[in-house]
Amino acid sequence: MSSRTVEADRYTNENGSQQPFYDVRRSYEENYNEGPFGAFSQISASAVSDDSSVDTPYNFLGQQLRTPFGIPAGPLLNSAFTDAAFRMGFDICVYKTVRSRAWECNPFPNVLAVHPKSANGFLEAGSTESEEGVLADDHYERPISISNSFGVPSRDPDIWQPDMQKAIAHAGTGQLLIGSFQGSRLSGMDTKAYIQDHVDTAALLLETGAKVIEMNTSCPNEGKNKLLCDDPILVGQICEAVKNNIGDVPLIVKLAFIPDNRALNRLIEATVAHRVVQGLATINTISAKLVDAQGNQALPGEGRERSGVCGNAIRPSGLDMVTRLNDIRSQQHLDFSIVGVGGVLDARDFAQYRQAGADVVMSATGAMWDPNLAKSVSRSLRE
Ligand SMILES: Cc1cc2nc3c(=O)[nH]c(=O)nc-3n(C[C@H](O)[C@H](O)[C@H](O)COP(=O)(O)O)c2cc1C
């Protein structure tokens with residue numbers, strides 16, 4: 001039976017009928033207040049292990065982990081989500097990116113299914129299809145590719161700080177909660193104030209007890225479709241200022257797909273080579289124009305002609321970035337961790353990222369539609 005024709009079958013995956021733990025048919029607010037959904041809502045609290053004899057063979061930025069696998073910044077909106085993810089065996093959970101102030105979410109819908117034309121469903125950054133239009137609708141199919149358009153919403157620190165503290169406390173033995181943040185560029189803000197906003201937000205994260213923090217430079221935080229990671233000098237200045245304030249706490253920088261090695265080298269020079277950053281996480285979504293079956297703009301509203309694509313479509317780009325980062329790391333004898341992200345849907349994809357040089361691997365879209373993904377990865381590590 002085709003998922004294109006039967007409403008109830010839309011979320012079916014190999015394990016039977018599944019509702020993604022972030023329910024794309026509901027608003028961000030509904031998800032925040034009522035989620036997680038599907039199997040994540042049914043897992044009991046006793047599933048987290050506090051047993052200190054549990055095997056934790058993987059070291060990541062000074063933390064011992066049961067498995068080098070988890071969920072990146074995005075679908076884990078608050079501690080209700082991270083609690084469930086830890087219980088389902090996702091040993092590294094990144095709390096969705098927060099800001100120094102409350103920030104509105106883009107209007108619903110925030111997620112659409114995306115259907116690139118190529119036989120394997122892959123989409124290249126800057127390709128004709130990504131510039132002229134990729135079909136986007138509400139027919140969610142395997143292998144899953146989606147777009148997400150949230151605008152990086154945030155609660156006020158008075159709300160997210162105590163909640164992040166709770167999320168950290170609920171990690172089991174060999175599990176790690178990472179706090180993700182980004183700066184907020186307000187109109188009229190000068191560069192000094194913008195850098196300070198990053199420093200202040202990182203300080204708020206540290207107050208929660210976060211052992212590792214991640215700075216997002218790969219969402220359109222510099223204005224419409226403009227990414228902070230396209231400006232390595234500013235990224236370097238911000239990282240230096242943040243690092244001066246967080247001491248020994250490791251700092252990860254989240255990067256977009258960067259096709260050009262010269263640009264990538266400039267970023268490396270400004271961050272990990274300068275020792276102000278201890279890890280690079282990559283990739284974020286790939287920007288594409290989204291159209292409906294009639295060729296019209298798929299997401300309603302001004303400034304939403306383009307949106308970020310993730311899931312299966314972007315796996316080759318994610319693997320390419322990780323491979324190039326790993327090459328540069330060994331050629332230049334640099335010491336930093338690589339977090340591989342992008343299109344991980346099963347244990348084989350996880351293994352490919354590890355072979356490409358990722359120290360740890362994460363899945364957002366794949367995990368949303370397969371709550372048992374961490375269990376498959378864990379099993380594959382034991383085989
Ligand atoms: C629902 C959703 C929300 C996301 N929000 C964020 C975010 O707040 N911060 C961030 O750095 N990345 C965010 N991302 C991007 C993911 O962290 C990841 O880089 C991207 O989705 C590629 O991984 P995937 O192919 O496994 O989905 C989000 C992704 C999804 C699916």
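This is a predicted model: local features need pLDDT of at least 70, side-chain atom pairs count only at pLDDT 80 or more; totals for chains, interfaces and linings use all residues.
Residues are numbered from 1 along each chain as its sequence is written, and side-chain values use heavy atoms, with hydrogens and water left out.

**Ligand site**

For polar contacts I took pairs of N or O atoms within 3.5 Å. A polar side-chain atom of threonine 97 lies 2.7 Å from a ligand nitrogen, while a side-chain N or O atom of lysine 96 is 2.8 Å from a ligand oxygen; a polar backbone atom of isoleucine 283 is 2.9 Å from an oxygen atom of the ligand. The protein covers 99% of the 600 Å² of accessible area that the ligand has on its own, by the Shrake-Rupley method with a 1.4 Å probe.

**Lysine 96 and a ring**

I found the charged end of lysine 96 over the ring of phenylalanine 150, 5.0 Å from its centre; the rule asks for NZ of Lys or CZ of Arg within 6 Å of the ring centre and within 35 degrees of the ring normal.

**Aromatic pairs**

I paired rings of Phe, Tyr and Trp (its six-membered ring) if their centres lie within 6.5 Å, with planes under 30 degrees apart called stacked, over 60 edge-to-face and the rest tilted. By this rule I count nine aromatic pairs. Tyrosine 28 and phenylalanine 150 make an edge-to-face pair, 6.1 Å centre to centre with 70° between the planes. Both tyrosine 28 and phenylalanine 150 are buried (under 20% relative accessible area, with exposed over 50% and partly exposed in between, using a 1.4 Å probe and protein chains only).

I also checked phenylalanine 69 and phenylalanine 350, which are edge-to-face at 5.6 Å centre to centre and 85° between the planes. Phenylalanine 69 is buried at a relative accessible area of 0%, and phenylalanine 350 is buried at 3%. Finally, I noted that ring pairs link Phe21, Phe40, Phe69, Phe81, Phe90 and Phe350 into a cluster.

Note on methods
A polar contact is a pair of N or O atoms within 3.5 Å; within protein, one must be able to donate a hydrogen and the other to accept it, and residues adjacent in sequence count only if both atoms are side-chain atoms.
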